[in-house]
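Trainee: I've got a new model open and I'd like to learn how to read it. Can we go through it together?

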Amino acid sequence: RSIHSAVSRSRSQLLRRGYATEPVPERKVAILGAAGGIGQPLSLLMKLNPLVSTLSLYDIAGTPGVAADVSHINSRSEVAGFAGEEELGKALEGADVVIIPAGVPRKPGMTRDDLFNINAGIVKSLATAISKYCPHALVNMISNPVNSTVPIAAEVFKKAGTYDEKRLFGVTTLDVVRAKTFYAGKARVPVADVNVPVIGGHAGVTILPLFSQATPSANLDADVIEALTRRTQDGGTEVVTAKAGKGSATLSMAYAGAIFADACLKGLNGVPDVVECSYVQSNIISELPFFASKVRIGKNGVEEILGLGTLSDFEQEGLEKLKSELKSSIEKGIKFASQ
Ligand code: NAD
Ligand code: LMR
């Protein structure tokens with residue numbers, strides 16, 4: 001009995017010591033577009049994240065209600081809602097991570113690029129505010145077309161003199177989430193164990209899952225790999241079609257956005273070996289200044305862009321096929337922002 005109580009005493013001392021020497025840092029997360037289809041469930045998931053101490057919810061309207069609602073959840077973060085442009089500065093001040101799911105979603109028959117005319121302007125004005133109020137934040141861009149909105153934000157930050165390529169991320173986590181789910185179904189392996197890198201960009205053929213590197217490995221036939229690749233590339237359209245005019249992926253996207261923001265918070269907090277796929281400024285493919293691949297996230301954002309590894313012939317072909325579309329989407333974003 002005395003041994004037992006001595007052991008439990010030293011364990012509780014250890015726990016106390018661990019707690020005293022490694023307090024969880026204060027972190028402010030701002031969500032821009034927080035009252036929308038993605039924004040609301042993402043606000044919920046970020047409220048559940050114990051790494052967040054302040055959760056700032058911004059939209060052009062509707063955020064006081066969302067903020068009041070999630071604020072009643074008995075988790076760590078303080079929640080505040082901000083509505084309308086005049087409150088954007090307050091929403092952003094002191095933010096460590098800014099997540100942007102603001103803008104219009106697709107309807108059936110549209111491509112992500114069809115959203116450019118509306119969303120490019122929204123992203124430009126939000127990026128301008130970020131450069132003014134929280135220039136050091138890690139920015140998680142969800143708004144489509146991601147292939148263009150990330151270059152737009154980069155140009156805005158450059159013009160403002162605040163650009164740090166390590167701090168700007170296009171969120172492609174939903175492609176990874178889909179690739180993992182679809183692969184697990186075909187390979188008949190537990191989905192929780194699956195890892196699949198997805199490279200390139202975030203639209204149609206620019207989404208390139210590397211199933212040859214999927215773990216646990218499985219000997220899938222070439223036609224199955226082709227079908228899995230196509231399903232991952234068309235995953236967004238599958239949801240847009242099923243929602244029949246009521247928007248695009250919101251719940252799975254909120255999940256994916258929460259996973260990616262959590263990785264950013266862990267990186268900022270100094271957790272080692274935080275690796276996620278993301279669309280970032282990159283020199284992996286010389287003619288594509290932005291490219292999605294595995295990146296290590298650390299205290300300053302992108303710590304290392306990891307190489308692509310060995311590609312199968314099918315993936316190599318896919319990489320060649322995506323270059324021209326991705327290049328023109330990047331150029332379109334840069335041109336818009338520099339006008
Ligand atoms: P939604 O229409 O339901 O919500 C968008 C929200 O943005 C609305 O609440 C709207 O008021 C707000 N908004 C508009 N202009 C704004 C501004 N200037 N400032 C702040 N907020 C503003 O749309 P959704 O389904 O949530 O999708 C949002 C975006 O995310 C779309 O562009 C969609 O294509 C994109 N998306 C990206 C991915 C991805 O994988 N990266 C996945 C799904 C959706
Ligand atoms: C997705 O992949 O679900 C998003 O990019 C939304 C869309 O328009 O498909």
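Trainee: Which residues does UniProt list for "binding site"?

Mentor: Keep in mind that this is a predicted model. The UniProt entry, which is unreviewed, lists Arg106, Arg112, Asn144 and Arg178 under "binding site". Such annotations may be inferred rather than shown by experiment.

Trainee: Let's take arginine 112. Where is it, and is it buried or exposed?

Mentor: Arginine 112 sits in the loop that links β4 (97-100) to α5 (116-133). For burial, you count C-beta atoms around the residue: 20 or more others within 10 Å means buried. Arginine 112 has 25, so it is buried.

Trainee: And what does arginine 112 touch?

Mentor: Leaving out residues up to four places away in sequence, arginine 112 is in contact with Arg106, Asn144, Pro145 and Ala203. Arg106 and Asn144 also come from the UniProt list.

Trainee: Then asparagine 144 is my next stop. Why does it count as buried?

Mentor: Asparagine 144 counts as buried because it has 27 C-beta neighbours inside 10 Å. Its place is the loop between β5 (138-141) and α6 (146-160).

Trainee: Now the ligands. Which residues surround ligand 2?

Mentor: Its shell includes Arg106, Arg112 and Asn144, along with Pro105, Leu174, Gly235, Gly236, Val239, Val240, Ser248 and Ala249. Helix α9 (residues 235-243) supplies the largest share, 4 residues. By class, the shell around ligand 2 splits into 5 nonpolar, 4 polar and 2 charged residues.

Trainee: How many residues surround ligand 1?

Mentor: There are 32 around ligand 1, and the closest are Gly33, Gly36, Gly37, Ala102 and Asn144. So asparagine 144 turns up in the shells of ligand 1 and ligand 2, and it is buried. Helix α5 gives the most to the ligand 1 shell, with 4 residues. That shell holds 17 nonpolar, 13 polar and 2 charged residues.

Trainee: One thing left: how do I read a pair of packed helices?

Mentor: You describe them by the angle between their axes and the distance between the axes. Here, α7 (residues 173-187) and α8 (residues 222-233) pack at about 150°, with axes 9 Å apart. Their crossing is right-handed.

Trainee: Which residues make that contact?

Mentor: From α7 come Asp175, Arg178, Ala179, Phe182, Tyr183 and Lys186, and from α8 Val224, Leu228, Arg231 and Thr232. The contact has 5 nonpolar, 1 polar and 4 charged residues. Arg178 is also one of the residues on the UniProt list.

Note on methods:
Residues are numbered from 1 along each chain as its sequence is written. Chains are lettered from A and ligands numbered from 1 in the order in which they are written. This is a predicted model: local features need pLDDT of at least 70, side-chain atom pairs count only at pLDDT 80 or more; totals for chains, interfaces and linings use all residues. Helices (H or I, at least four residues) and strands (E, at least two) are DSSP runs, numbered from the N terminus. A residue is buried if 20 or more other C-beta atoms lie within 10 Å of its own, exposed if 12 or fewer, and partly exposed in between; C-beta atoms are placed from the backbone. Two residues are in contact if their C-beta atoms, placed from the backbone, lie within 7 Å. Axes are lines fitted to C-alpha atoms, for helices over the stretch in contact, and angles run from 0 to 180 degrees between N-to-C directions. A crossing is left-handed if the near helix is turned anticlockwise from the far one by less than a right angle, and right-handed if clockwise. Ala, Val, Leu, Ile, Met, Phe, Trp, Tyr, Cys and Pro count as nonpolar, Asp, Glu, Lys and Arg as charged, and the others, Gly among them, as polar. A residue is near a molecule or strand if its C-beta atom, placed from the backbone, lies within 6 Å of it.
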